[in-house]
Amino acid sequence: MKIDNNIPYKIYLDEKEMPKAWYNLRADMKNKPAPLLNPATLEPMTFDDLIPVFCDDLVKQELDDTTPYFEIPEEIRDFYKMYRPAPLVRAYCLEEKLGTPAKIYYKFEGNNTSGSHKLNSAIAQAYYAKKQGLKGVTTETGAGQWGTALSMACSYFDLDCKVYMVKCSYEQKPFRREVMRTYGASVTPSPSMDTKIGQKINAEHPGTTGSLGCAISEAVEVATSTPGYRYVLGSVLNQVLLHQSIIGLETKAALDKYNIKPDVIIGCAGGGSNLGGLIAPFMGEKLRGEADYEIIAVEPASCPSFTRGKYAYDFCDTGMVCPLAKMKTLGADFIPAPNHAGGLRYHGMSSTLSQLYEDGYMKAVSVTQTDVFAAAEQFARVEGILPAPESSHAIKVAIDEALKCKETGEEKTIVFGLTGTGYFDMYAYEKFHDGLMSDYIPTDEELEKSLAKLPKVEK
């Protein structure tokens, strides 16, 4: 293996080089993301509309599309120091195995107890809930990484945490569920019979394995009907992409330290938080005309919001109680197949990323589950990290891009986000190794059925 002695195997920033402010990508967008709409009036949601659901400070961040930087409170920066700055790793072993002239780097977000990037926003949202004097928060979780991160953050601030976990993930990932409970959270499989919305979804879809949209509906119902509680979300929202920008800010600072300019930046995409966070400063340069990058979003073929969805206003949840967001969507009524990348099983995509995609600043590809796990296994064998199924979508396309360089002889620099570890996903790996994993791709008819139910919004 030939190692460039001028470039460390792992590039670390020191604590003094950690970002002191989050970057708001929307400030540099000429076409701003469309506003959230009140489902009753179809008018843009105001601060007063949103504060019964979200924490006050988070609503301010959600609605602000002009302020480029938000200072990170000192208490959050101090918490970040437990696991940040995160390393930017040169995948020398993978490069050698592939025989590619490409240089491959990955930003590793799994060096914390929650096992993923989700803690970056969880601790921020818990901080603002505590600052507001709340008793607790409610949320949904897919694969369980967001629920785990929020449980840890709430434990730190002595907040109650109620988690609604997508039913198929609740059954597939019992150990991640137990980590949440260890941190003091209550965990309920969704859709449940504990809420009116859960009862309605179970009646309409008997035997359903659930979806993130279902779990969101239940968590919002509980938050808005329980005094002293607010709802917090692990992806999709502008505020979450803002907090996750620390990933991209650190990545860019590490690359700049050694005068490295990436050609291709790749991230997995479900709701959009880790992708939005990784690409934020690079996309900012692209929007300002200072640099250009090829940016690729990777999603599961079983839930292809970017590649087969419609750009339209839709409900953010299956129960249709949340605001309407203009986004790439498969329809709020769409319930994905129970694939093992639970964190990517959301019917829509961040409004910010959807607008950027529509404006041609990034592209998207969808990949099948078995191909993703083959790439995950290949990566684990040579790089020594067992990746989460979600992250492995980015690994799959990074390998594809590196092999293209092998064919053409181009020496591109590829950066991808390794959002977390897969050590609680062994049931999925077992299915793959035993040849019991299948690929499900929704038909055009299935998608047309859910898209036909999109709300009629003339905006």
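# A first look at this predicted fold

N259 sits in the loop that runs between helix α11 (238-257) and strand β10; helices (H or I, at least four residues) and strands (E, at least two) are DSSP runs, numbered from the N terminus. This is a predicted model in which local features need pLDDT of at least 70 and side-chain atom pairs count only at pLDDT 80 or more, while totals for chains, interfaces and linings use all residues. Residues are numbered from 1 along each chain as its sequence is written, and side-chain values use heavy atoms, with hydrogens and water left out.

**The whole protein**

- The C-alpha trace spans about 60 × 50 × 45 Å along its principal axes.
- Of the 459 residues, 64% are buried; buried means under 20% relative accessible area, exposed over 50%, and partly exposed in between (1.4 Å probe, protein chains only).
- Among contacts (heavy atoms within 4.5 Å) between residues at least 6 apart in sequence, 77% join residues at least 24 apart.
- The accessible surface is about 17,000 Å², and carbon and sulfur atoms account for 49% of that. These areas come from the Shrake-Rupley method with a 1.4 Å probe; for residues, only the protein chains shown count as cover.

**The seven-stranded sheet**

- Seven strands make an open sheet with mixed pairing, in the order β1-β4-β5-β15-β10-β11-β14. Two strands pair if DSSP finds at least two bridges between them.
- At the edges are β1 (10-11) and β14 (363-367), each pairing on one side only.
- Helix α16 (residues 389-408) packs on this sheet and touches β5, β10, β11 (294-300), β14 and β15; its direction makes about 170° with that of β15. Axes are lines fitted to C-alpha atoms, for helices over the stretch in contact, and angles run from 0 to 180 degrees between N-to-C directions.
- Strand β15 (residues 413-418) is mostly covered, with six of its six residues buried. From β15, T413, V415 and G417 point one way, and I414, F416 and L418 point the other way.
- Strand β5 (residues 103-108) runs parallel to β15, and six bridges link the two; K103 stands opposite T413 there.
- Strand β10 (residues 264-268) is also parallel to β15, with three bridges, and I266 has F416 as its bridge partner.

**The four-stranded sheet**

- Another open sheet has four strands in parallel pairing, ordered β8-β7-β6-β9. Its edge strands are β8 (186-190) and β9 (229-231), each of which pairs on one side only.
- From one strand to the next, the twist averages 20°.
- Strands β6 (residues 136-141) and β7 (residues 160-166) run parallel and are joined by six bridges, with V137 partnered by C161 in β7.
- Helix α6 (residues 145-156) lies across β6 and β7 at about 165° to β6. Helix α10 (residues 212-225) lies across β6, β7, β8 and β9, at about 170° to β6.

**The nonpolar cores**

- The largest nonpolar core has 73 residues, and those with the most contacts inside it are W22, Y80, F306 and M362. Such a core is a set of buried Ala, Val, Leu, Ile, Met, Phe, Trp, Tyr and Cys residues joined through side-chain atoms within 4.5 Å.
- Helix α5 (residues 119-131) gives the most to this core, namely eight residues.
- Beyond its neighbours within four places in sequence, Y80 is in contact with M18, W22, I72, N120, I123, H243 and I246.
- A second, separate core of 28 residues includes A91, F379, A394 and A398.

**Backbone details to look for**

- Most residues other than glycine have a negative phi, and most peptide bonds are trans.
- N259, where this briefing began, has a positive phi near 55° although it is not a glycine. N259 is exposed, with a relative accessible area of 75%.
- L42, also not a glycine, has a positive phi of about 60°. L42 lies in the loop between β2 (21-23) and α1 (47-50) and counts as partly exposed at 26% relative accessibility.
- R84 and P85 are joined by a cis peptide bond with omega of about 0°; P85 is in the loop between α3 (74-80) and β4 (88-90).
- The peptide bond from S190 to P191 is cis too, with omega near 5°, and P191 is in the loop between β8 and α9 (196-204).
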